[in-house]
Amino acid sequence: MNTLKAEKRSMDVKAKKLRREGYVVGNVFGREIEGSIPVKMNKLEVEKFLKKNHKGTQIMLDVEGTQYDVLIKDVMFNPIANRVDEIDFQALVSNEMVHSVAEIITVNHEKITEGALQQTLEEVAYKALPAYLIDEVKVDVGHMKIGDMIHVRDLPIASDENIKITTDLDAIVATVAAIHNVVPEETTEDETTEKTE
C-alpha cells in the first residue's frame, strides 16, 4: 500500500496562503475520528502521488508519524490554475462498509477490427468492507463487434459477493459503433478532373 505524508494544518492559516506556499490542503474524517483532521501536504509530492493513485484508492496516510488506513474520497482539481486544491480522505474501520468507486479500464482495444469502441462509463460506484476495496476494474473488449454492449452487470466486480454495486446494473459501460466515413478522395479526384478539362 502506498504512503503519503501529511502535516496537521492550523485553521488560522488560510488555504489560499498555504497553496501559495506550495501545499495542498485536505481533511481526514471517519467514524473513529472526532470531527475531522485538517491536513496539508507538499504539492509536488501530491502531484507525483496522484500519477499512480486516484479517487477510490486505498492508501496509508502518515500524519506526523500517525498512520491512517484511508480511502482517497475526493480530489478537487482547479482546472484554471491547473492544480490540485484539496483532497479528502476517509479513515477506514475494518468492520464498516464504505462507499467507493473503481476506475473502469478497457483492455485489448487493438483486437476490435470493425467499428469504434465508445466507453460511456469511467467508474463504477460500490460499497464494501475495507478488506475488499478495489480501485480499478479491467474489462476485456477484444471480442466486441459492432452493436455489442457491455453493461455494469457484465463487469467482474458485479459477481463479487463481497462488493455491493450502487451504480445502475443496466448502465452501459462500453459499446462498439459503426464508423460512417465518407471517403473524401473520390470527390477530390472528380473536382481535379473537371478543372483540367
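How much accessible surface does the protein have, and what share of it belongs to carbon and sulfur atoms? The total comes to about 12300 Å², with 49% belonging to carbon and sulfur atoms; areas here follow the Shrake-Rupley method with a 1.4 Å probe, and for residues only the protein chains shown count as cover. The model is a predicted one, in which local features need pLDDT of at least 70 and side-chain atom pairs count only at pLDDT 80 or more, while totals for chains, interfaces and linings use all residues. Residues are numbered from 1 along each chain as its sequence is written, and side-chain values use heavy atoms, with hydrogens and water left out.

On to the overall layout. The protein has three helices and 13 strands, taken as DSSP runs numbered from the N terminus (helices: H or I, at least four residues; strands: E, at least two). Its radius of gyration is 23 Å, well over the 16 Å that the globule rule gives for 197 residues, so the protein is more spread out than a compact globule. That radius is taken over C-alpha atoms, and the rule itself is 2.2 Å times the number of residues to the power 0.38. Along the principal axes, the C-alpha trace spans about 80 × 45 × 25 Å. Buried residues make up 37% of the 197, where buried means under 20% relative accessible area, exposed means over 50%, and partly exposed is in between (1.4 Å probe, protein chains only). As for contacts (heavy atoms within 4.5 Å), 62% of those between residues at least 6 apart in sequence join residues at least 24 apart.

Next, the cores. A nonpolar core is a set of buried Ala, Val, Leu, Ile, Met, Phe, Trp, Tyr and Cys residues joined through side-chain atoms within 4.5 Å. The largest one holds 25 residues, and I104, V124, Y126, V152, L155, I157 and V173 touch the most other members. Strands β7 (98-107), β9 (123-128), β10 (136-140), β12 (163-165) and β13 (172-177) each supply at least two of its residues. Apart from this core lies another, of 20 residues, with V46, V70, V84 and A91 among them.

V173 is worth a look of its own. It is found in strand β13 and counts as buried because its relative accessibility is 1%. Leaving out residues up to four places away in sequence, V173 touches I104, Q118, Q119, T120, L121, I150, H151, V152 and L155. V173 and I105 sit 68 residues apart in sequence, yet their C-alpha atoms are 10 Å apart in space.

Then there is strand β6 (residues 83-91). Seven of its nine residues are buried, so β6 is largely enclosed by the rest of the structure. Strand β2 (residues 23-29) runs parallel to β6, joined by five bridges, and G26 stands opposite I87. Strands count as paired if DSSP finds at least two bridges between them. With β5 the pairing is antiparallel, over eight bridges, and I72 has F89 in β6 as its bridge partner. Four residues lie between the strands in the β5 and β6 hairpin, where N82 takes a positive phi near 55 degrees.

N78 belongs to β5 (residues 66-78). At 18% relative accessibility, N78 counts as buried. Neighbours within four places in sequence aside, N78 is in contact with R83 and D85. The side chains of N78 and D85 are also joined by a polar contact of 3.2 Å; such a contact is a pair of N or O atoms within 3.5 Å, and within protein one must be able to donate a hydrogen and the other to accept it, with residues adjacent in sequence counting only if both atoms are side-chain atoms.
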